[in-house]
Amino acid sequence: MLILGGATQAVNSFAGDVRDGLGKAGQKELPSKYLYDDIGSALFEAITRLPEYGLTRAEERILLEHSEAIAEHLTAHGMAVELGSGSGRKTRQILEALARHKSMTYCPIEISSVALASCERELDDLAHVSILGFETEYLDGLSKAVALRKPGDAVVVLFLGSSIGNFDRGPAEEFLRKIRQTIEPGDTLLLGTDLEKPLAQLIPAYDDSLGVTEAFNRNLLARINRELRGDFDLSRFEHVALYNARERRIEMHLRSVETQTVTIEEACFTLGSDETIWTESCHKYGRNEPEEMAERAGFKCVAQWVDVEWPFAENLFVAV
Ligand SMILES: C[S@@+](CC[C@H](N)C(=O)[O-])C[C@H]1O[C@@H](n2cnc3c(N)ncnc32)[C@H](O)[C@@H]1O
């Protein structure tokens with residue numbers, strides 16, 4: 001696989017975002033994209049295999065069963081661009097089905113170099129698929145990839161794993177609108193969305209008994225220590241996964257167990273006892289919500305497939 005781009009300015013913007021997020025007067029927060037350094041990406045991959053985290057298996061079941069049907073809608077497509085591919089494990093089914101119709105260029109877009117490399121290892125053996133990875137942010141990678149499409153080829157954008165749920169609802173719709181503005185009429189979007197479900201099923205997915213999600217969350221503080229000369233004492237923070245019923249989302253936080261001051265590159269931040277740093281949101285959707293949101297953003301729904309064991313919807317939209 002050829003990898004384009006690179007982590008230019010990454011450290012500077014990480015430092016700036018950490019300073020801004022921890023310096024906030026109200027709720028302190030850190031952007032969830034920083035959860036995915038080398039260790040975070042490995043921990044996320046472990047999360048997807050936990051018995052409590054049914055989300056990945058649900059999407060795998062849908063793609064295993066329906067990839068041929070999805071590909072039947074995409075016979076003119078010669079390029080697949082995947083936003084936040086992770087390891088690419090689930091993508092194999094859909095790429096195999098697409099490549100039976102037409103040779104494909106597959107462009108994984110990742111901020112994590114480790115995830116991008118494992119995606120290459122996972123998919124390198126696929127026949128009639130050439131891989132061109134971009135180590136960069138979602139929209140930057142999408143516009144770079146579509147600029148390389150061959151004449152006459154339509155593009156399918158894959159945004160799997162309900163990563164859309166990391167955006168608040170308004171920004172999620174705005175993000176879909178930006179995708180729409182970057183692609184052409186007739187191009188498509190395959191969007192994975194985790195649906196609302198009982199809390200007894202949902203909460204353990206983000207607070208598993210082995211403590212892998214806890215480690216994934218706390219690694220963000222360890223990453224700040226490693227990369228930004230931070231002095232977080234991890235033993236003074238607890239992992240919190242709560243359901244915000246009004247916003248219909250899981251929120252992950254790190255709770256300070258006592259009043260403490262941390263130093264990051266000479267800047268000091270004080271956290272009160274029980275004060276939290278908000279590290280990730282995972283919004284959950286009603287079954288019709290993805291379609292409504294995508295239609296307002298300039299797409300039309302082609303089909304939706306739902307897993308019943310773990311309510312999850314795979315949605316195929318066409319750009320109009
Ligand atoms: C929730 S994981 C999903 C991975 C995979 N798509 C799946 O379904 O299992 C999100 C992935 O997107 C990547 N990512 C997060 N924010 C990103 C951004 N702003 N630009 C590019 N990649 C991003 C992370 O490194 C991570 O691999």
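Two residues are in contact if their C-beta atoms, placed from the backbone, lie within 7 Å. The exercises below use a predicted model.

**Exercise 1.** Find the residues that Val81 touches, not counting residues up to four places away in sequence.

*Solution.* Start with the largest nonpolar core, which has 79 residues. Val81 is among the three members that touch the most other members, together with Ala80 and Val157. Next, leave out residues up to four places away from Val81 in sequence. The contacts that remain are Cys107, Ile109, Leu142, Ala145, Val146, Val155 and Val157.

**Exercise 2.** Determine how the buried residues of helix H8 are arranged around its axis.

*Solution.* List the buried residues of H8 (residues 199–206): Leu202, Ala205 and Tyr206. Seen down the helix axis, these residues fall within an arc of 85°, so they line one face of H8. Finally, identify their partners: the buried residues pack against helices H3 (54–72) and H9 (212–228), and against strands E8 (237–244) and E9 (249–256).

**Exercise 3.** Describe the residues that surround the ligand.

*Solution.* The shell holds 20 residues, and the closest are Lys33, Tyr36, Gly84, Gly86 and Gly161. Helix H2 (38–47) and strand E4 (104–110) are the elements that each give two or more residues to this shell. Sorted by type, the shell has seven nonpolar, nine polar and four charged residues.

Key
Residues are numbered from 1 along each chain as its sequence is written. This is a predicted model: local features need pLDDT of at least 70, side-chain atom pairs count only at pLDDT 80 or more; totals for chains, interfaces and linings use all residues. A residue is near a molecule or strand if its C-beta atom, placed from the backbone, lies within 6 Å of it. Helices (H or I, at least four residues) and strands (E, at least two) are DSSP runs, numbered from the N terminus. Ala, Val, Leu, Ile, Met, Phe, Trp, Tyr, Cys and Pro count as nonpolar, Asp, Glu, Lys and Arg as charged, and the others, Gly among them, as polar. A nonpolar core is a set of buried Ala, Val, Leu, Ile, Met, Phe, Trp, Tyr and Cys residues joined through C-beta atoms within 7 Å. A residue is buried if 20 or more other C-beta atoms lie within 10 Å of its own, exposed if 12 or fewer, and partly exposed in between; C-beta atoms are placed from the backbone. The arc is that of the directions from the helix axis to the C-beta atoms.
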